[in-house]
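Please read this briefing alongside the sequence and the structure shown below. It begins with the contact between the chains and then turns to the parts of a single chain.

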Amino acid sequence: MTLSGSNIKAVVCTDVCKSYEKVPALRNISFTVEQGEIFGVIGPDGAGKSTLFRVLTTLLLADSGTASVEGMNVVKGYKEIRKNVGYMPGRFSLYQDLTVEENLKIFATLFHTTIEENYYLIKDIYSQIEPFKTRRAGALSGGMKQKLALSCALIHKPSILFLDEPTTGIDPVSRKELWEMLRKLKSQGITIVVSTPYMDEASLCDRIALIRDGEFMKIDTPKGIISGFRKELWAVRGSNMSALIGHLREVDGVVTCFAFGDNHHITVDNTILTKEILRSRLEEKGHNEIIIEKIEAGIEDCFMELANR
Amino acid sequence: MLKYLLEKEFKQFFRSSSLPRMVIIMPFMAVLIFPLVANFEIKNINLAVVDNDKSTYSQQLIQKVSSSGYFRISDVSDSYPQALRSVELNKSDIILEIPPHFERDMAKEKSATVLIAANSVSGTKGGLGSSYLAGIIGDFSNNIRSEWITASDRFSSGRFEISPQFWYNPRLLYTYFMVPALMVMVLAMLCGFLPALNIVGEKANGTIEQMNVTPVNKFIFILSKLLPYWIIGFVVLTICFIVARIFYGLVPEGSLATIYLFAALFVLAFSGFGLVISNYANTLQQAMFMMFFFVLTFILMSGLYTPIANMPQWAQYLSNFSPLKYIIIVLRQVYLKGSSFSELLLPFAVLSGFAVFFNGWAVLSYRKSS
């Protein structure tokens, strides 16, 4: 079923709420996904990403609100949705005691299709693990497992793909390859909804939603989100990074301060603070080799900024 | 669809390292080994003898006791304290003390007493052993009395003899009684335990989630879990029949068709019970523990090892809730008594009730959890 070109939204989600015994996991989630785009749901562990995916793939009933996938309601039309959706859970969920080929064949058969029929769709991915097709799935490496899982999620030619943290726990090379595959799938008209805790993957999506504590803080293109960041942002480095973060937070005019790898990122009120004042303040506290630079915000800065609001 | 799912189940089953072997070993263990160890007939009771009389009669009595097959003379002492010592050392289970002047009293007073003292730390051995011994001694005194009667006046008094007949199990073989019931236990383990553990395993591995997003019908999915174990269950039951035939010459008096029919009904009921467990358990550990709890209760309450009539009243009521009770009754009756279906309508009705109850519960609790 190809719906690209039609005006049905791939996903429409309105005010979806879900709680696990009074602990809210999703609060009033509303968003739409267009046909053929890569939509990223980005947020830390425990933000509610998997719960959202499970609601959209008809595995979990929402407490309130409505959701539809490819125009079909997740409650009433769950049977139809299951035929058209590919889902790759965050955890490797294939049969470890069956071989690579057997796993693929099972899922092809359950969707009333064959490996041959849709081979063109998985060729790029599957050809990499095909040399190991008689190996049991449990004996594959992490990256190969993900490739097999993606092949199994694609074998019935779904019109929309839900990938829950596909890059968690795999090496940087496999991560890069996986994103390349997603771009290729997009070019074949498949809508992709992907979640990730890695902020650096945000720029690879067409649009992203930043999620925290079960709430979407912002939905926009990666560029749109970055351009929405209007604060003055500096990166600060010094010889004693761990002491520096505490001292930075004490300085008047420093609004927020977070550790970002080998830098500390601070947002400042530039009406009362200049780089020179900050440098002298830090030198008073005994810091040296201080480097202060004005930088462009990244997605992570935006996330922190939104989360802090 | 079902065909492919079954193919997958069988592949997984035969690929696992232990399951196929266990399934073959289990019926042999159950039918060949268990009846030998789970035997309540007491043999080889160690007997300490204190013969204070050393007369013909006392020798005859000891001879009779030791040739009965139940006792082994482990100790011959001169005094009771010495014999007691051998009980304390765990060398003897029962003491038989024959008093001095045993023969003289028998002849003079027409009666004499002997002392039986039993170590009751092992209740069955002490209790059964001393009653066997009492029986043998009673027999002995009857024999002597009848000798006197024939010697003196054969018309003076009437006497009677009891000769029991054991119907359906003429040689009172414990194995004949146990084997049909043990077959049920094997069936319960295979068809109740395994599918439930399999489903919980899929839950724990997350594979059930991947299955749930496919258009596979839930009913078909569950059927694909049950069917292989039903088939395996019947194969194993058949192995049990063959083993019982070859090693014990035990052939059902009734028809095999009746047994298979009831086995099918029981398997349906018990796998329904397994499904209920699988709906409430999220990990294999939980499922295992719940299964053990209920299956042990069911087995102990079923009359497999101890007759239900021996249980306290409240336990007899409870035993009505064990599906194993009914199928064990059926198997024993068909195997030993040759009962036909028309005589087993009550167990049939009850087992059907269990099947509806457990499977209905399984369906309802499954809906709730998803």
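How many residues of chain B are in contact with chain A, and how many residues of chain A take part? In this model, 17 residues of chain B are in contact with 20 residues of chain A, where two residues count as in contact if their C-beta atoms, placed from the backbone, lie within 7 Å. The model is predicted, and local features need pLDDT of at least 70, side-chain atom pairs count only at pLDDT 80 or more, and totals for chains, interfaces and linings use all residues. Residues are numbered from 1 along each chain as its sequence is written, while chains are lettered from A and ligands numbered from 1 in the order in which they are written.

**Where chain B touches chain A**
- The elements that give two or more residues to the side of chain B that touches chain A are α1 (2–15) and α8 (207–212) of chain B; helices (H or I, at least four residues) and strands (E, at least two) are DSSP runs, numbered from the N terminus.
- With five residues, α1(B) gives the most to this side of chain B.
- By class, this side of chain B has five nonpolar, eight polar and four charged residues, with Ala, Val, Leu, Ile, Met, Phe, Trp, Tyr, Cys and Pro counted as nonpolar, Asp, Glu, Lys and Arg as charged, and the others, Gly among them, as polar.

**Chain A as a whole**
- The secondary structure of chain A comes to ten helices and 14 strands, and its C-alpha trace spans about 70 × 45 × 40 Å along the principal axes.
- Of the 309 residues of chain A, 43% count as buried, a term that requires 20 or more other C-beta atoms within 10 Å of the residue's own, with C-beta atoms placed from the backbone.
- Among the contacts in chain A with a separation of 6 or more, 70% are between residues 24 or more positions apart.

**The two domains of chain A**
- Chain A is divided into domain 1 (11–226) and domain 2 (229–308), with bounds that come from an automatic or database domain assignment.
- The C-alpha centres of domain 1 and domain 2 of chain A lie 37 Å apart, and the contact takes nine residues from each of these domains.
- On the side of domain 1 of chain A that touches domain 2, the elements that give two or more residues are β9 (207–212), β10 (215–220) and α7 (222–227) of chain A, and α7(A) gives the most, with three residues.
- By class, this side of domain 1 of chain A has seven nonpolar, no polar and two charged residues.

- Six strands of chain A form an open sheet with mixed pairing, in the order β6-β7-β8-β3-β9-β10; two strands pair if DSSP finds at least two bridges between them.
- Because β6 (85–88) and β10 of chain A stand at the edges, each with a single partner strand, one side of each is left without a neighbour in the sheet.
- Four bridges join β6(A) to β7 (residues 160–164) of chain A, and these two strands run parallel; Met88(A) stands opposite Leu163(A) in β7(A).
- Helix α5 (residues 142–154) of chain A packs on the sheet, touching β6 and β7 of chain A, and its direction makes about 160 degrees with that of β6(A); axes are lines fitted to C-alpha atoms, for helices over the stretch in contact, and angles run from 0 to 180 degrees between N-to-C directions.

**A hairpin in chain A**
- Strands β1 (residues 11–20) and β2 (residues 23–33) of chain A pair in the antiparallel sense over seven bridges, and Val33(A) in β2(A) is the bridge partner of Val11(A).
- Two residues lie between the strands of this hairpin, in which Glu21(A) takes a positive phi near 45 degrees.

Definitions and conventions:
A residue is buried if 20 or more other C-beta atoms lie within 10 Å of its own, exposed if 12 or fewer, and partly exposed in between; C-beta atoms are placed from the backbone.
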